[in-house]
Amino acid sequence: MATDLQGDGHDAATGADRIARVEAFGAAAQVRRLLAVGRRGLPLGYDADTGQFAQTVRRSDGPGGRPRPEGASLRYAAMAALGLSRLDASQQRAVLGGTTAAELARATGVLAREQDDPGAVALAAWAVAETAGTIDTALFSRLGATISSGRPLETVTVSWIVTAAVAAGGELLAMGEAMSARLLAAQGAEGIYPHVVPATAQNRWRRHVGSFADQVYPIQALARMSRASGDAALLRAADATASRLCELQGPDGQWWWHYDARTGDVVERYPVYSVHQHAMAPMVLFDLVEAGGTDHTSEIVRGLRWLEDHPEVDEPLVADAAGLIWRKAGRRERAKAVRRLSAVTTAIRPGMHLPGLDRVFPASRVDHECRPYELGWLLYAWLPARGVTA
């Protein structure tokens, strides 16, 4: 198995055998097809002149029909750098107009030093440590100041700080341990996390709700932290969240969207995001088993199959020719109406849902956009680590 040396030399999940794991379930060909789509699609979201990745790439219905990039995102640039680091150097340069993933990560780190978004700072610190093999002390200093302030943080940000600290290693593992303790304190009895730590920082209607992202990034962070520190309690916490998500997985492999941190139940199922199915669930569940946790390969494969056989919508979600995977299948609703209603009803009484929502707001709409981080995480989830590049 290949060894990935990060920061001062701590092992990280390598992903060396991930495609082999799903080959026994007949899913390897699908994964290879998706990876080919990811390699074709990432250049569509990259601007070689500015060195930035777009916020999204959207289908164009105009003449020529070429997908169009919109906006810019430092978070997504850091995620793309991590994903592209799993390609060989020539493939990285082909996507990035001559530069490498490590160079992209370092440039993203410089920009992140001026960001007010601690999530972007944490992701950039992680990307620099893992892809360039160096520690950006300015970024970790900013994270230290954020932690010391005691301000509430998004669960995903706390998780990314832990993962960045593990990637850096050395004395920064203490930062990872402190933020792991914050995650453990926020975890519900069924293993589910709220959106913000502490949950009381949010209003009464939202404080019990955590998204799929709020669950998977803690799994990854605690699995890696357990691997680095040998703390079995962290692995048990990661295992608990993963087991609950898998218990709740939909009948067609759907990873649902919103959960109740108090009860461990689903608050709202839709939208179902493609990136959860092809990248985020595989990424963290493989991290979990590689850290010594439970093997959820069968659930990973069920999630993958939803991309091909999704009862909610008829049209394909994988646009091979365009090099994109459409973002989600969601309800026909305005202003996230069902999510808001379900948050309120379940805040009043756990498990309470208004009848008829599926009939009035059917989940039959495809969102024809694809965000660069989605394809970056696709590469990161499935391809083995290559170590540090120049």
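**View 1. Helix 14 gives the largest share of the lining of the largest pocket, four residues.** This is a predicted model, in which local features need pLDDT of at least 70 and side-chain atom pairs count only at pLDDT 80 or more, while totals for chains, interfaces and linings use all residues. Residues are numbered from 1 along each chain as its sequence is written, and side-chain values use heavy atoms, with hydrogens and water left out. Helices (H or I, at least four residues) and strands (E, at least two) are DSSP runs, numbered from the N terminus.

**View 2. The largest pocket has a volume of about 970 Å³.** A pocket here is an open set of points on a 1 Å grid over the protein atoms alone, where a 1.4 Å probe fits, with protein on both sides within 12 Å along at least five of seven lines, and lining residues have an atom within 4 Å of a point. The volume is the space filled by probe spheres set on the points, which are joined across faces, edges and corners. Of the 37 lining residues, Trp257, Tyr273, Arg327, Lys336 and Arg339 lie nearest the centre of the pocket.

**View 3. Helix 6 (residues 118–132) packs with helix 8 (residues 155–168) at an angle of about 20°, their axes being 8 Å apart.** Axes are lines fitted to C-alpha atoms, for helices over the stretch in contact, and angles run from 0 to 180 degrees between N-to-C directions. The two helices are therefore roughly parallel to each other, a term for angles under 35 degrees.

Notes: Parallel < 35°, antiparallel > 145°, perpendicular 65-115°, else oblique.
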